Amino acid sequence: MAASMLEPPFSANYSSPSLFTTTTTTHHSFKPINYFRPSPTTSICLCAAGETIDPAPSPPPPETSQEHSVALERSRDRRKVVRVAWEKLVRWSRSLRSKAKTDVLERTNKVVVLGGGSFGTAMAAHVADQKAQLEVNMLVRDPEVCQSINENHFNCKYFPAHQLPENVIATTDAKAALQGADFCFHAVPVQFSASFLEGVAEFVDPGMPFISLSKGLELNTFRMMSQIIPRGLKNPRQPYVVLSGPSFALELMNKLPTAMVVASKDKKMANAVQQLLASRSLRINTSSDVTGVEIAGALKNVLAIAAGIVEGLNLGNNSMAALVSQGCSEIRWLATKMGAKSTTLTGLSGTGDIMLTCFVNLSRNRTVGVRLGSGERLDDILSSMNQVAEGVSTAGAVIALAQKYKVKMPVLTAVARIVDNELTPTKAVFELMNLPQVEEV
């Protein structure tokens with residue numbers, strides 16, 4: 001059968017034909033036939049008998065000219081709507097920028113950053129880039145880091161490959177750093193902040209705004225930075241602002257687009273810090289919800305440890321999504337009980353920071369979780385790190401707050417138990433999966 005479809009019918013008097021068509025013989029005339037041009041309804045037989053390829057389906061009937069015109073018109077209308085919306089947005093942006101005040105940056109002459117860690121260094125560099133005439137002092141503990149910044153313009157410990165602006169000056173002298181400063185950025189880890197502030201309180205101007213970069217809760221007192229700073233400085237009226245949001249120090253140093261939020265009960269103060277920090281690479285939103293911004297910034301570090309544990313145990317993407325969703329709910333339950341606004345928790349300092357900290361490898365707290373999930377001991381993990389993972393010390397304080405406000409927080413409680421070495425990561429997962437099936441709230 002295969003041969004009869006692929007070969008022309010030869011006769012005894014048939015002279016050698018061409019490969020594709022028959023030719024005229026001595027006794028018979030044949031009309032040339034192309035044996036390899038199938039009709040639309042036939043199948044082509046392959047070399048192996050019985051194998052066929054179905055013909056391609058008939059193309060759909062072409063659009064009528066009227067239908068084509070209607071489709072083009074709809075496409076033009078859609079594009080026009082998008083273009084008009086974008087142009088309105090651009091005009092609105094230009095109008096607000098033209099009215100934006102810059103007097104805060106213009107009249108600011110000196111800024112001090114307390115702490116020489118990665119984020120304190122990144123913020124010092126950012127503020128220094130805002131104005132060449134601005135003096136930015138960094139108060140650091142390590143004489144080697146101090147010398148490296150002043151002589152080579154590098155933080156040899158945290159950013160050895162990133163040159164700092166020349167108007168960044170390091171010192172170990174608290175009085176020299178704080179004297180005459182217009183703004184103070186507090187970048188000391190939470191657990192060491194109280195004792196540190198008590199040591200420098202005498203040099204702090206009582207009217208100088210303190211901008212907290214530290215995230216976490218004090219372990220034994222469960223205080224947030226908005227409570228620690230005024231208490232440490234013995235000045236309940238010390239102007240206070242918290243700066244938070246999804247921001248890795250490395251990306252801030254590299255001037256990659258970043259968005260953060262400043263929160264203060266004093267709206268004018270929040271606006272002033274916004275003016276001081278806003279730039280082409282850093283967007284600053286303002287908020288009055290200090291509690292929401294602070295508690296979200298503290299709790300997301302604990303959740304990031306849980307996310308890292310899931311990664312370290314290789315539990316997959318479904319588990320990761322379920323865990324982070326549950327953790328976000330637990331943060332919302334506690335934060336709203338403490339007076340936070342739900343809108344804050346879905347903004348930059350809430351959802352934004354949670355996403356960054358839980359899903360990106362640069363996160364210190366997530367790294368701790370990954371290593372715990374991989375079987376390492378917590379003491380070994382912490383001793384090998386040159387930066388503080390605030391979530392480790394915050395975990396216990398979070399659970400104490402949850403008990404105070406009568407909130408059930410199974411995921412964050414499990415992290416606290418793992419940190420206390422009272423539960424293994426594998427056992428924690430088993431216990432969480434066996435919790436009662438409940439209605440989602």
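Leaving aside neighbours within four places in sequence, with which residues is Asn167 in contact? In this predicted model, Asn167 is in contact (heavy atoms within 4.5 Å) with Ala128, Lys131, Ala132, Leu134, Glu135 and Val136. Asn167 is found in the loop between helix H5 (143–152) and strand E5 (168–171); here helices (H or I, at least four residues) and strands (E, at least two) are DSSP runs, numbered from the N terminus. Asn167 counts as buried because its relative accessibility is 14%, where buried means under 20% relative accessible area, exposed over 50%, and partly exposed in between, with a 1.4 Å probe and protein chains only. The C-alpha atoms of Asn167 and Asn137 are separated by 8.4 Å, and these two residues are 30 apart along the chain.

Residues are numbered from 1 along each chain as its sequence is written, and side-chain values use heavy atoms, with hydrogens and water left out. Because the model is predicted, local features need pLDDT of at least 70 and side-chain atom pairs count only at pLDDT 80 or more, while totals for chains, interfaces and linings use all residues.

The whole chain comes next. The protein chain has 19 helices and ten strands, and buried residues make up 43% of its 441 residues. Among contacts with a separation of 6 or more, 70% are accounted for by residues 24 or more positions apart. The protein chain exposes about 25,000 Å², of which carbon and sulfur atoms supply 54%; these accessible areas come from the Shrake-Rupley method with a 1.4 Å probe, and for residues only the protein chains shown count as cover.

The interior can be described through its nonpolar cores, each a set of buried Ala, Val, Leu, Ile, Met, Phe, Trp, Tyr and Cys residues joined through side-chain atoms within 4.5 Å. The largest such core holds 48 residues, and Leu217, Leu299, Leu303, Val398 and Leu412 touch the most other members. Two or more residues come from each of H11, helix H12 (316–337), helix H14 (348–359), helix H15 (364–373), helix H16 (378–383), helix H17 (390–404) and helix H18 (410–419). Of these, H11 gives the most to this core, with twelve residues. Not counting residues up to four places away in sequence, Leu303 touches Leu323, Val324, Gly327, Cys328, Ile331, Ile354, Cys358, Val411 and Leu412. A second, separate core of 43 residues includes Ala125, Cys146, Leu164 and Leu277.

H14 has twelve residues and reaches 15 Å from its first C-alpha to its last, close to the 16 Å expected at 1.5 Å a residue, the expected span being 1.5 Å times one less than the number of residues. The buried residues of H14 are Ser349, Gly350, Gly352, Asp353, Ile354, Leu356, Thr357 and Cys358. Their cover includes E8, E9, H11, H12, helix H13 (342–345) and H15.

Just after H8, Lys234 takes a positive phi of about 55°. Phe222, in the loop between E7 and H8, has a positive phi of about 65° although it is not a glycine. Phe222 counts as partly exposed because its relative accessible area is 31%. Phe222 and Ala397 are 175 residues apart in sequence and 5.4 Å apart in space, C-alpha to C-alpha. Not counting residues up to four places away in sequence, Phe222 touches Leu217, Gln227, Ala397, Ala400 and Leu401.

Among the strands, E9 (residues 258–263) and E10 (residues 282–287) run parallel and are joined by six bridges; two strands pair if DSSP finds at least two bridges between them. Val261 has Asn285 in E10 as its bridge partner. From E9 the chain crosses through helix H10 (residues 267–277) to E10, in a right-handed β-α-β crossover. Right-handed means that, with the strands pointing away from the viewer, the path from the first strand over the helix to the second runs clockwise.
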